[in-house]
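Please keep the structure open while reading.

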Amino acid sequence: MAIASNQSAIAPLRRSWGRGLIIAGTLLFILTALAQALNAAGILKLGLTNWRPTLFAFLVFAVAIGAGQVLMRGQAGWRALFILPAGLFTVAMAIFPTLFGLSIAFTDWNLASLTGQKFNGLDNLFQLLRDPFYWNAMVNMVIYVLFVLVEYAIAFALALLLNAEIRARKFWRVVFLIPLMLSPVAVSWMVGKSMLEYRFGPVARFARWIGFQNPSFFTDPWVARIWIEIMDAWVSIPFVMILLLAGLQALPKEITEAAKVDGASPWQRFWQITFPLMLPVSLTAIVLRIIFKLKLADIIITVTSGGPGGATDSVSSFIYREYRDRSNVGYGTMLAMFYLVVIVIFITVLLNVLSKRMRRMT
Amino acid sequence: MRVDLYNHVMAVQASRRNFMKGAAALAAGTALSSSFMGRAVAQDNLRAQILQIPGVGKGSPTDADWQKVGELCLGATKANVAQGEFAGVELTFMGLNNQNLHNFLFRGFLKPWEAYTGAKINWIDLAQADYNARLQQSIATGTVDFDITEMGAPFEGDTAGKGLLDEMPDWVAEQIDSKDLVGYLQPPVGTWNGKTYRINIDGDTHTFAYRKDYFGDGSISGQPVPTHWEEIAKLPAALAGKSDPLTGAPAYGFLDPLKYQWGGFGFYFLGDRAAAYAKHPDDPAWLFDPDTMKPRVNNPGWVQAIQDVMDLVKANAYPPDQLNADPNTTAFSQFLGGTGAALCWWGDVGSNARTSDTSVVGDVVGFSINPGANKVYNSKTAAWEEKENFAPNLAYLGWGIYVTSRVSGDEKKRKAAWSAAAHLGGKDIALWTAAYPSGFQPYRNSQFNYDEWVAAGYDRAFVEDYLGSNLDSYNHPNGAIEPRIPGIFQYYSIAEDELVKGINGQYASAQETADAIAAAWEKITDQIGRDNQIKLYKASLGM
C-alpha cells in the first residue's frame, strides 16, 4: 500500500524523465555496441581500436537505469538500487562472458592462424564427440567422482573422532585442517614430485625397505590414478570433515543420550541416529566436494601431465593442454562449455534425486 | 652463459696456482697488447677488459657490472649514432625475467646507451611460463604494445610471417658483425622471404652427454662411447645385471624422457633420435614435406625412432619410473643423480654436472654431438639408404632481439630501436654474456676462442669438451633445424600426447602411433591454413 501510494505521489513529468533516461541509456548502449560490432566486422570504419566505448556506454546505461528507477518509482526505486548494481555486475562479469564464450565455442579459432576466428557451426561439437582424449578424461572424472564417497567416509570418521572427548581436541582439529590450507601445487611438488620420487623419495625408499622391488607410483594406470586421488583427498578431506564436524556439533545430544539409556550400542547409535540426522549436512558436503572434484586439474598437471597415456587426465587438465599448449581457443572453449553443461545437468539431477530421497526418509 | 655454467666454473676454479696462471696469461696478454697499435689490438684489450668484470670467481655480476660492460661496449653504437640523437624517443621492450637475468641484464647494458642517445626505454618483464601466451594473445588480438622484444626463433613464423616485425637495416648487420654467427644461425634462420629480422643473442642445441665410467676399457659396459643409435639399442644387454659405479643402484643405458609431455619441448627428445634416421643431408626438410605440408613424422625414419624407444620399453631397459619421467626429471634427477649412462639435452646438463649439489657425475661426464645412425631415410626417393648419418638436433634456436613494425613509420624511433637491439647483440657484449651468468649460450664463432676463456681463468679441458660439442653441433652441415612456422609448438604438443599413448601401449605399433601424430598434425595444418604454412615452411628453410 505504502509503495503504491508512494508511486502515485510521483509526478508524471518526473516519471517521464525517468523513463526517458532509461530509454536514452539503453539506446546509447545498444547503438554503441552495434557500431563497435560493425566496426569490428569492417563494415563501418570508425577507427576504434578497442571496445572501451562499449564499456563506457554500459556504465552510462547502468547509471541511467539506476537513476531512472529512482525517478520513476521513488522509494521503490531506491530499494531497487540495492540489488541493481549486483545484478548488472553479474550480467557483466558472469552472464556476458558465458555468452561470449559460447560464441567462441562455435568458431574455429587457433591463435596461430592468420585468418583468425571463423564460425564453424557444430564442427567443434562433432570433433568433441569423436575425441578419444576427451572421453578418456570424462571416464577418469567418473572414477575421481566415485572416490568422493571414500573421502566422505574418511572425513566422517575423522569428524566423529574430533567430536569425541579426546585429549588435545582443539590441537588435533587445527592439525587436521592444515592440508586444506596448502596449495595443491605445493602438495604436488612436496608429495608427488618429492616424497614419491622413485630414486630418493622417502616413500619409495620405505617401500623398498619393506620389500617392494620397484616402487614406482605413476607408471601403472590404476596406481597412478589412486596416487593422484590420494593427494587430492589429502588436501580436500579436511574441508568435508569440517562441514561434518559442524553438523555433529549442532546435533541435539538428548537423542543419543536417550538411546544410550535405552541400551543402544555405539554402532546402533551411529547408524540409527547420528547418520540419518547428519544426512542433510552429509549431502551438502558431498555435493560441494563433487563440484570441487569436477574441477580437478592442478595436481594432475604438475605431477603426471595426465599420464601415463592419459590414465590420470581430468577434463580440466586436458582442456588446459588444448588451450594453453595448442592455442586452440575455439575447440578448447567448446570442451569447457560442454563440460559446463554436463556438470549443470549432473548436479541438477543429483540434487533432485537426493532431495526426493531425503523427503522420503524424513 | 647460464648461471649453472658459471657456478660450475667457480666450483672447479682452480686452485690458486691455476688462477695465477690465468692472471699471468692475462697480464702477459695485456703487456703484449700494449706494444701494438691499431684497432684489432684495442678490440682485444676491450674483450680482455670486459672479461675481468667482475672477474671469474669473484661472485655474480651486479647491475653496476652490467652497466660497466654496457658502457665499455658502446663503441659500435657511437660509430653509428650521434650523442643525444634519440632525445625524446620512448621505446617499450618486452622480455623475460627468468632467474633475474635477461631483462635485468638488458636494463644494465642499455642504461649507458640511454644516457648516450637520450632515448628512454620502458620495460615489460614476463616469466617464461607467461611469455608464449602473452605473445600469442598480443599477436592474435592485434595488441602488440612493444617496440622491441626478446623472442625465440620458433615464433618468427607467428610474427614475421604476419608482418609484425621490422626489417633489419643494413647498418645494423654491419654493426653486429652478423657474419660471425655460427653456421646454423646464419640465414635462412632469422630471415623471412629474404629479409632479416633477428639479432641473435643466444644459441641452442641438443648434445650427447654420457658417463665416462660406463664406456671404454675397464668401464662397466666395456663398450666404446656410442656414436650411433644402433649401439645405444645394444646397451641394455651390455649393462644387464651391472651396478652403477657411483651409486651401486642398477645400471641403465640411455635415458629417454618417456613422459614426454612438456608443453611441446618434450618432442625434441624424440627428434634427437629421429634426426639421425630422417634428416637426410640432401634435404633441409625433415618434419613436413615442404610442397604439401604432409607430415613426415610417420615415414619409416621417424617410425624407426619410435620403434627404438618402444623396443627399449618392452625390454624393460629403463628405470622403473621412466613412464612418469619428463625431460627435467630425466636430466636433473636421474642422470645427474647417477642413474643412466647417457642422455641428450641442452647445455645445462654439462655445467650442472659439476656444480649442482645433487649431482654425483661431475667427474665422469663427457660430451659429444648427438648420435647418428647407420642408415638414413630419403623422403624424396622413399627409400632407406645404408650410410652413416649424423644430424644434430638444433632444438630451439636461442633467443633473439626483434624490432616490431610499430616503429616502422617513424624513422627516428626505428633507428633508436635497432640501435638498442644492436647494442645487445654486439660481438663483444656476446663474449661477456657467454662467460658470465646471463641465461645465454654462445652463438658466435668468436665466442669459441678458448684462449680468451683460459686467459680469463677458465679450465681449458672443460671448456673444450663442453663447448666443443656445442660448436660441432652448431656448425654441422646436416643440422636438423627448427621449422619456424606458426603454431610449431602446437604440433609438438599434440605429438607428445599421441607419442605417450603409443608408448603406453594404446596404439598397436610404432607406425600406428606415428600415423596418429601425422593425422593430428594434418588437422593443425588445415586449421592454421595449409597454403600459408607451406609458404612459411619453405621460407623458414630458405627454399
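**Chain B: overall form**

For the 543 residues of chain B, a compact globule would have a radius of gyration near 24 Å, and the value for chain B is 24 Å, so the two agree. This is a predicted model.

- The C-alpha trace of chain B extends about 70 × 60 × 35 Å along its principal axes.
- Chain B contains 22 helices and 14 strands.
- Buried residues make up 57% of the 543 residues of chain B.
- In chain B, 75% of the contacts with a separation of 6 or more are between residues 24 or more positions apart.

**Chain A: overall form**

- Chain A contains 15 helices and two strands.
- The principal axes of chain A give spans of about 80 × 65 × 35 Å for the C-alpha trace.
- In chain A, 32% of the 362 residues count as buried.
- Residues at least 24 apart in sequence account for 67% of the contacts in chain A between residues at least 6 apart.

**Domains of chain A**

- The domain assignment divides chain A into domain 1, residues 2–105, and domain 2, residues 126–361.
- Taken over C-alpha atoms, the centres of domain 1 of chain A and domain 2 of chain A are 43 Å apart.
- Four residues from domain 1 of chain A and five residues from domain 2 of chain A form the contact between these domains.
- On the side of domain 1 of chain A that touches domain 2 of chain A, three residues are nonpolar, one is polar and none is charged.

**Interface between chain A and chain B**

- The contact between the chains involves 28 residues of chain A and 33 residues of chain B.
- Helix α14 of chain A, residues 315–325, supplies three residues, the largest share of the side of chain A that touches chain B.
- By class, the side of chain A that touches chain B has seven nonpolar, 14 polar and seven charged residues.
- Interface size is often given in another form, as the accessible area lost when the parts come together.

Methods:
Residues are numbered from 1 along each chain as its sequence is written. Chains are lettered from A and ligands numbered from 1 in the order in which they are written. This is a predicted model: local features need pLDDT of at least 70, side-chain atom pairs count only at pLDDT 80 or more; totals for chains, interfaces and linings use all residues. Two residues are in contact if their C-beta atoms, placed from the backbone, lie within 7 Å. Helices (H or I, at least four residues) and strands (E, at least two) are DSSP runs, numbered from the N terminus. Ala, Val, Leu, Ile, Met, Phe, Trp, Tyr, Cys and Pro count as nonpolar, Asp, Glu, Lys and Arg as charged, and the others, Gly among them, as polar. Domain bounds come from an automatic or database domain assignment. The radius of gyration is taken over C-alpha atoms; the globule rule is 2.2 Å times the number of residues to the power 0.38. A residue is buried if 20 or more other C-beta atoms lie within 10 Å of its own, exposed if 12 or fewer, and partly exposed in between; C-beta atoms are placed from the backbone.
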